Structures are given as structure tokens and as C-alpha cells.
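Hi,

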Amino acid sequence: MMMMRNSQLKESKADSRPAIGTSILALGFILLMGSIVLAISVGAANIDFLTVWRSIFNYDSTREADQIIVSLRLPRELGAAVVGAAFAVSGAIMQGITRNPLADPGLLGLNAGASLALACVFAFHSSPSYLSLMFVSFIGAGIGAVMVFGLGSLRRGGMSPIRITLAGAAVSALLSALGEGMAIYYKLSQDLAFWIAGGVSGTNWLQLKLISPVIGVGILIAIMLSKELTILSFGEELAKGLGQRTLLTKGILMTVVLILAGTAVSLVGSIAFVGLMVPHVVRFLVGTDYRWIIPCSAICGSVLMVLADTAARMVNAPYETPMGAIVSMVGVPFFLYLARKGGRKVA
Amino acid sequence: MILSDQLKRVRLTMIFALILLLAIFVISVATGYVSLSPAQLGRTILGNGTSKENLILFGFRLPRIMITILAGIGLAVSGAILQSITRNPLSDPGILGINAGAGLMIVVYVNFFTIESTNFLYVLPLFAFIGGLLTSAVIYMMAFKKGEGVEPTRLVLIGVGMAAAINGAILILSTRLEREQYDFFANWMAGRIWGDDWTFVLALLPWICLLLPVVFAKSHVLNVLNLHEHVTVGLGVNVERERRILIFIAVALSSASVSVSGGIAFIGLMAPHIARLLVGPRHQGFLPIAAMIGAILLLGADTIGRVLLDPSGIPAGIVVTIIGAPYFMYLMAKK
């Protein structure tokens, strides 16, 4: 208890490093462009960088390379970038609100809830519109979140990070078993299996047009509320003492999380650990000020997902490896490190 | 006095569990793609069935039921051991990632060897065991901190993480498989009881038959290990050594079971809990009951899955999870 209070006091002054933050944003942007160009150029048909550049900025529908790039690869990589930003920002917000270093939409049951909701839609509706898929997966993510947080806070003494993580594991197991059962019962497994494993392979411009504004607005709200989030991350009492309406702030932020995670899942399926890793790395670099953490997380998440998708296509070419598998292979050592480090303090 | 009371209760529960198991057994034998009426069933068992009835009963259903029962016993006892030695009511070979480790070795095996070879069935449990053992060693080492020992919640947390990592690796490896192998493996992962041949029973039986008596013989050690660590040391038990032997056995039991039954979690969690509720925490009485309940649960889940959807059925693993995960949540909320 004493230790907790000490660390609280130590943390209660935001450690902000604008110089590093700005350079991460700039560098991240360049990296993102670079990795998108790289991702577009490698694949079943290798296309050199110059051609990629030319066809994006000087599109000519008669050239075959241009068509591959603009109708197949570009939307796919942009989709990966958008989704990566969504996962990373929602992870950052969750970590800030719950003050739980292990918070991540994949680990806390949000993704499983969205997947189950989607399985239900596919079971009862043969060709749902993408908009309704997005909406449904948002609802599903909400159900998952309510279950996890409800379960985590049932006992007196409230939500310790470990309890929340365990609740997340149990809820995820339940919801994904239900989803799997539905898929088998209604013979959807062929359609759903790869999708649940995670991938951006089918992304088209229409989907991109629908999700980008939603995710963009979500991230914008998050950035606007980032100062409040920084205060909230020091502890609820402190935030209340500073005159914040904590319940309202938390409610808005949690809705943003659900929108971001739900939309992202509706595009790529359940991918864990992006929302866990990215904010941690970013926090390590830019300090504890969420005004920097959120934008930097967004851009780093994008880079990570684009690279992960490239890896997913390269590892076992010409077959695609599920992207979720690649991300969790990288993410888990990270999780283990955090669990080991945080185990004593948070227990 | 107390002892004989418990003994009576254990005996009564045991008889009741046997009757229940028998009832589920009969239902399970009778239902399926072709249902057999009780009359047909009796006739076939007595050796007077038609060749078709014989094939259905002895060729398909009985071996599958035997495998399910054996796997249920193995998983339940493994969970009971893990719960006692980690002193954590949430321990289970599935949740701790041991089953995932076994699965990883199986996918490696399927990747590099053909599944048709005759030795396949006997080598599979061995491979699964190696995988489970390596995984549990890593988890144990990660959870171990000098001066603190193995802190139970950290152990579970690290197990959950390991399971996620290994499942990622499994997914990557399984996309490299041929179509036919992939189907086999996908079903394995979902926990579909896939063995339907007497050879599978033979592959699993020695593991259960050899290890169960050892566990039962160690009941008193388990009783003591379940107490506080310093009490245990005070009573002259070599804690670390006994603990390692028992982990070894638990891993062997669950890996062997999982290798033929598929990735099934939560049986090892639920069965010991229910058993403890029924007959109390003394291992002499509680272990056999846990084993019985494991068999009942898994056979029940498999039957439900088969009845719900013919002919392929919903994998037992999914049915078990749908029942088991809420139970896990209940335990979390209560504790």
C-alpha cells in the first residue's frame, strides 16, 4: 500500500517530453510512408519503388501494375494503417482509464465480443452490408467490455489489473467458444476461420471509406480529451479533486474505445497485443503525458500493422499467414515481461 | 471419526457418480447418426447384433467413448494436482498453456511427418508430452522469483500469456499444412474427440493406468503440499522435489489426454472443484471423485455436442468451454 502511494505521488507530475514526441511523430510519418511503399512493392508480383510512386500519384488504368497497386494493395495497406492506429489508441486509452498496464482490447474481451457478434450476423444474414457489420461489431465489443469490467469489479476491493486480465481471458474464452460453436453449427467456419485469425487481405475502397472517418473521429476525440486522460491516469481521487467530472470523461473515453476497437475488428478480425505493446513503447519514449502518447501511439500502431501485414504475406509466400498470429508472436514476450515486472506491485 | 465419515461420503458419491456415468454412457452409445434402440443395444452387447450394429457399437462408438472417459480422467486429475501444488483454485492445464504447448508439438509433428504412418498414434502422446513439459518448464521459470517462490496469480497470468503466444505459433505453422492435414489439425484445436479406433485407446491407456496409481499413492504428499509452505517444510516434505515430480505427472496426464482428445480446457478446472465441494479437500477421497467427474463432464459434453448437430457435431472442447468459462467467472467473483 505504501509503495502504491509513493509511486502515485511520483507519477502525479506528468512527465512530458515534447521534443521526443514531435520527432516520433515526424519520424513515424516518414516510416509509415516508407513501410506502405515497401508493403505495396513486395508480394506475388514484385513491383519496384519507382513504379509504386508513379502509380499512386499518376494513376493510369491501362497499366497492369497500376491496377494491382491501386485496387488491391493500396487499400489493403491503408486499411492496416488505419486499423493499427485504432487498436493502439484504444489500448492507450484503456491503460489510462483502468491504470492497468496489461489493458488491451484483445486481451480484455472486446475483440472476442465483436467476433461473436459478427458470427451471429453471418449466421442469420447471408450478405450483410458492411455498415451493419461495423455497427454490430461495435455492439459486440460493448458486450465484451461490460462483461469483463462487470466481472472484474464484482468483488469488493475493485479491479486489480490481474483480476481484469483473468476476467478478460475467461470472457474471451467463452465468447470465442460461442462464436466458434455458431460457426460450426451454421457451417460458417470456412468464411470465418481466416477472418477471425486476422488479416486485411480483402480490404476494398468502400470499406476504407466507411471506417476511416469513424476511426479518424474517434482518434480526434481521444486527442481532444487527452489532457483529461492524463489527469485521470494519476488516479480518480486526484482527478475529482482537480474538478474533473470523472464519470462523464470515463464514459466518453470508453465509448471511443468501443468504437475504435469494434470498427477495427469488423475490418481485420481479432488482433490482440497491438493495443498492449504500442502505448507501452511510446510511454517509455515520450513520458506519461497522454497528449503525446495518443498521437504517437496512433502512428506507431499504423507502422506496426503495415509491417506485420507485410510479414504475413512474406513468411510463407505465396500463402498468407494470419496477421494476428504474427502480432501475437511479437506481442507475447512483451506481455510476459510486463506480467513478471508488474506481478508484485499490482497483485 | 471424521475420517470414517468422509469415507462413507466418498463411497456414496462414488456410487452415485458411477450410476451417472453409466447413464450418460448408455445415452451416448444409443444416440448419433444412427440411433440404436435399447433392445438393439442389449442384443448387440450380448453378441447377437447384426453386422451393422456390431460395427456401429464396437467399431465406432465404444472406442470413442472409452477415449473420452480416459481423457476426462486424465485432465481432471491433472487439474487437481496443479490446483493443489500451486494452491491456486484457477489452475487448469488448458488455462496455464500446457495444452497449447502440447498442441504446438503436435502441429510440428504433423508438419514434418505424415499422419498415415502406423507409429503415429503411439508417438503422438509422447510428442505432446514433450511440448507440454517444455512449456510448463518455461512458465514455471518465468513465474519463479528468488525469495518469493512461485506466486500463484503470476503463474496463471504468465500461463495465459504463454497460451496466446503458442497459439500464434500454432496458427503460423498450421497455415503451412496441406488441406487434409489442416482439417485434422483445426478439428484437434477445437477439441473434437477425433480418435474413433481401438488403437487410440491403446495409445492413451498406458499413460493413465501407469500414472493414476502413482498420483493416488502420493495423496498424502498432496495433502501436505496444499498447506502453507513453511508448514510443509516443517513436516519434513522435500517441497521442491515433490512438487516437481507432481508437475511432471500432471503434465504427462494432460498432454497424453489432449493428444487424442484435442485442445480441451476447463475440465481440469471444474472437476476438482466439484469434487472438493462434494467430499472435501482430502486427496485420498477427492482425487478418485475428481477423476470420475472429469469423465462424466467430458463424456456429457461430447454427447451433447453430437446430439446437437449431426453428423459432424460440435466439438466437445467448445461445449466444455461454454459450460466451463462461466464457472471460471463464478469462481473469480466468489473468491
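Below is what I found, going from the whole model to single residues.

This is a predicted model, in which local features need pLDDT of at least 70 and side-chain atom pairs count only at pLDDT 80 or more, while totals for chains, interfaces and linings use all residues. Residues are numbered from 1 along each chain as its sequence is written, and chains are lettered from A and ligands numbered from 1 in the order in which they are written.

On confidence, the model scores ipTM 0.75 and pTM 0.78. Where pLDDT is low, the predicted coordinates should not be read in detail.

Chain A has 15 helices and 0 strands; these are DSSP runs, helices being H or I of at least four residues and strands E of at least two, numbered from the N terminus. Of its 347 residues, 53% are buried, meaning that 20 or more other C-beta atoms lie within 10 Å of the residue's own; exposed means 12 or fewer, partly exposed is in between, and C-beta atoms are placed from the backbone.

Now to where the chains meet. In all, 35 residues of chain A are in contact with 31 residues of chain B, a contact being two C-beta atoms, placed from the backbone, within 7 Å. On the chain A side, α7 (161-185) and α15 (323-346) each supply at least two residues, and α7(A) gives the largest share, 15 residues. That side of chain A divides into 25 nonpolar, 6 polar and 4 charged residues (nonpolar: Ala, Val, Leu, Ile, Met, Phe, Trp, Tyr, Cys and Pro; charged: Asp, Glu, Lys and Arg; polar: the others, Gly among them).

In chain B, have a look at α3 (residues 51-86), which has 36 residues and spans 51 Å from first C-alpha to last, close to the 52 Å expected at 1.5 Å a residue (1.5 Å times one less than the number of residues). α3(B) bends by about 35 degrees at R61(B), with a proline, P63(B), following within four residues; the bend is the angle between axes fitted to the seven residues ending there and the seven starting there. Just after α3(B), R87(B) has a positive phi of about 55 degrees.

Finally, is R11(B) buried or exposed? R11(B), in helix α1 (residues 2-30) of chain B, is exposed because 12 other C-beta atoms lie within 10 Å.

Best wishes
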